[in-house]
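Subject: Structure handover

Hello,

Here is the structure I said I would pass on. Please open it alongside this message.

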Amino acid sequence: MNKSSKESDSILARPPATHTGIKVKKPKSYAAGVEAVTSSFKHVFGLAGLKRGAEGMAKLNQTNGFDCPSCAWPDPDDHRASTEFCENGAKAMASETTKRRVDPAFFRKFSVEEISQQSDYWMEQQGRITDPMVLKEGASHYEPVSWDEAFHLIAEELNGLPDPDEAIFYTSGRTVNESAFLYGLFVRMYGTNNLPDCSNMCHESSGAALGDAIGIGKGTVSLKDIEEADCVLVVGQNPGTNHPRMLSALQETVRNGGEIIAVNPMKEAGLIGFAHPQEITGMMGASTPLSSEYLRVKINGDQALFQGLMKSLFDLERESPGEVIDPAFIDEYTTGFEAFVEEIEAVEWAEIELRSGIDEEQIRHVARRLIRRDKKLITCWAMGLTQHRNAVSTIRDVTNLHLMLGAIGKPGAGLCPVRGHSNVQGDRTMGIFEKMPAEFHDSIDRVFKFESPRKVGYDVVNSILAMHAEKASVFFAMGGNFLQATPDTDFTAEALRKCSLTVHVSTKLNRSHVVTGKTGLILPCLGRSEADLDEKGELQFSTVENSMGVVHQSQGTLEPASPNLLSEIEIAARLATATLGEEATVDFRSLAKNYDRVRDLIEETIPGFENFNERVREPGGFYLENPVKRRIFPTASGKAEFSAERLTSADLAEGELMLMTIRSHDQFNTTVYGLHDRYRGISNERRILFMNPDDMKDRGIGPLQEVSIRNETGGRVREVDGFLAIPYELPRDAVAGYFPELNPLVPIESTADISNTPTSKSIPVTVYQKF
């Protein structure tokens, strides 16, 4: 029997609809500077204390330290600064190294209902979880449970299921390679490929597009390439908040004579200028101008823009034959060019202008900027491209642009999907995916002597649908905050509540801990910064893979927040041992005692990890083989594949606006570090909606007036109330606001074609005032 509707109604799945005292200033014209430094120190020393905070900062992103638990931006290959981290990295480390504790006494004091009525920021501020906790059926409070009891409870539930496909095993991008490998191995030995991960909600569209086009679902450039590029297109990305260390690379591009072209519906400080906080001039407020062109496209107008750029380039080629496109590259390395040309030539400029919101003259001007000098072009992108219905088609057109110019597989040129979480790319390399290729399964079977399941598993959206339809009843999350990261919050909450058991491996309290199945478990784990000892009592390290395919070690040294924490690797091993028993074909517990043993098995199983233990001990680690860098394209045809993509974009009905969900500056993914959005001029508030001033005027909405926002996709009304309207520099018919507060408006059924990624960046809504 699931939780009663009355009980569920009293436990909030959404953040509470309360205001916190907003202050609005003029948006910033550059990112970082002295304010970034003071903010970093405030968070670190305020939460971790002087000694622990200083020790953590000294080891953060160092070759002999631990990898930042925040974004996946790469570290320099050569020299690293003594402070090789950004403001958001400092906040992430402060969050992990905090002296505050969520212990059994905390859970005795606060009921699940009382916790749910607090904000996500409040939950984050309570501190590190110290002990395994269980919420028993019908109970109002979590209570302590031993590790052995917890694993026995999970194993009993899993082994009692009629079909292994009724269990779902989610993975957060923070999970390191070794734990991801063991976890995925266990899940397949158990008998399912239900391995959804956070990539399903972010760069799944990139992987699908790039896999088909160039044969590898990863980026093709290095930091050095970015610094050497003639032109870097930054599309649908806000590096100042989401990947701040990228700004120093873009600064080098500009200083080396290259230029940055920004494509984003919102004016973002980190795309305008950068005041380097490790330079005297930057600390004094002098910024390097970054973007020479800033194209404020309509929401989901990117594909139209890229087709317009390519149409312009074909016209320039006719004016100067052989000087624009690269016929030698096209002939030798690609296929499908003729059909692609026909599609681009057929599209009309009127449609391009209508869908992109950019006029023909400006598009032609930018096209000329792309081919200056040596056509060393890099395109970087993030969720602004991947979370739309036509995301895969858009990224195929991004790739088409590079292929026609031969701007791939050479220094200073290529494709750069900028990953969000610190090891999301590594987790996929390790096999965390619901539909790994046959050769991966064959390798698993060969090494571990069992037949892994071949049936495609559930991704994130299909997992939610399966739980909601009661086709799955056990949910296990290796990290993350599933409820707040996923679309259609109320629908997802209903799905989780229908489960018999939900389990979360976590370091901090979050809203997923209060919306549970019949029974809920919290399993607290070590953080990246904390000492992890092997069977001899000696420090050991784990490994991660960054956005540019570098695998390197991460070794924590700080005293753990509690003696009762386990590493994610140990948790995966004990889960496997408890569930599989004698059916396991490998001794999981033995592997978890020495991570070198896990890496030996990774080496034996996954191509590219030859001499893994030896190479990863080199300072900075090693690059995984990326054949595209050598113009080898492992596609079905053996060549890079042009595609003829039909131009589309999201449409609006009369009176509707297009909503895109975004992060604030005091936020990383679903983790809310504070209530400020400094670069956009917002202080002490999250329930806001950025609007075009003319759209506000048309609706009779004044600044800071409360509005309600509604979506009715699929005939179901989704609505949020009490958001404060903020006039902002946005295209007409565009609005923006923070997730997870606006995730209730993202329809579960609205996903990208092919990748099935939720369309969190293009949600049709109506905005109005309730009187």
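Below is what I found, from the whole chain down to single residues.

Overall build

This is a predicted model. The chain holds 32 helices and 31 strands. Its radius of gyration is 25 Å, close to the 28 Å that the globule rule gives for 771 residues, so the chain is as compact as a globular protein of that length. The C-alpha trace spans about 75 × 65 × 55 Å along its principal axes.

As for contacts with a separation of 6 or more, 78% of them join residues 24 or more positions apart. The exposed surface comes to about 26900 Å², and carbon and sulfur atoms supply 49% of that area. On charge, the chain has 82 positive and 110 negative charges. Their mean positions are 4 Å apart.

Start with α9, residues 177–190. This helix has 14 residues and reaches 20 Å from its first C-alpha to its last. That is close to the 20 Å expected at 1.5 Å a residue. How many of the residues of α9 are buried? The count is 14 of 14, so to speak a mostly covered helix. Just after α9 comes G191, with a positive phi of about 125 degrees.Next is α24, residues 438–448. Its buried residues are F440, H441, S443, I444, D445, V447 and F448. What do the buried residues of α24 pack against? They pack against α9 and against α30 (595–605). Just after α24, K449 takes a positive phi of about 60 degrees.

Strand residue T519

T519 lies in strand β18, which covers residues 519–524. Is T519 buried or exposed? T519 has a relative accessible area of 13% and is buried. T519 and L501 are 18 residues apart in sequence, yet 4.9 Å apart in space, C-alpha to C-alpha. Leaving aside neighbours within four places in sequence, T519 is in contact with V134, L135, E137, L153, S500, L501 and T502.

Backbone points to check by eye

- P740: the peptide bond from F739 to P740 is cis, with omega near 10 degrees. P740 is found in the loop between β30 (734–738) and β31 (763–768).
- N61: phi is near 65 degrees, a positive value in a residue other than glycine. N61 lies in the loop between α3 (50–59) and α4 (87–97). N61 is buried, at 2% relative accessible area.
- L704: phi is positive, about 70 degrees, although L704 is not a glycine. L704 sits in the loop between α32 (693–698) and β28 (706–711). Its relative accessibility is 40%, and L704 counts as partly exposed.

In short, N61 is buried, whereas L704 is partly exposed.

Best wishes

Key
Residues are numbered from 1 along each chain as its sequence is written. This is a predicted model: local features need pLDDT of at least 70, side-chain atom pairs count only at pLDDT 80 or more; totals for chains, interfaces and linings use all residues. Side-chain values use heavy atoms; hydrogens and water are left out. Helices (H or I, at least four residues) and strands (E, at least two) are DSSP runs, numbered from the N terminus. The radius of gyration is taken over C-alpha atoms; the globule rule is 2.2 Å times the number of residues to the power 0.38. Contact means heavy atoms within 4.5 Å. Accessible areas come from the Shrake-Rupley method with a 1.4 Å probe; for residues, only the protein chains shown count as cover. Lys and Arg count as positive and Asp and Glu as negative; His and the chain ends are not counted. The place of a charge is taken as NZ of Lys, CZ of Arg, CG of Asp or CD of Glu. The expected span of a helix is 1.5 Å times one less than its number of residues. Buried means under 20% relative accessible area, exposed over 50%, partly exposed in between (1.4 Å probe, protein chains only).
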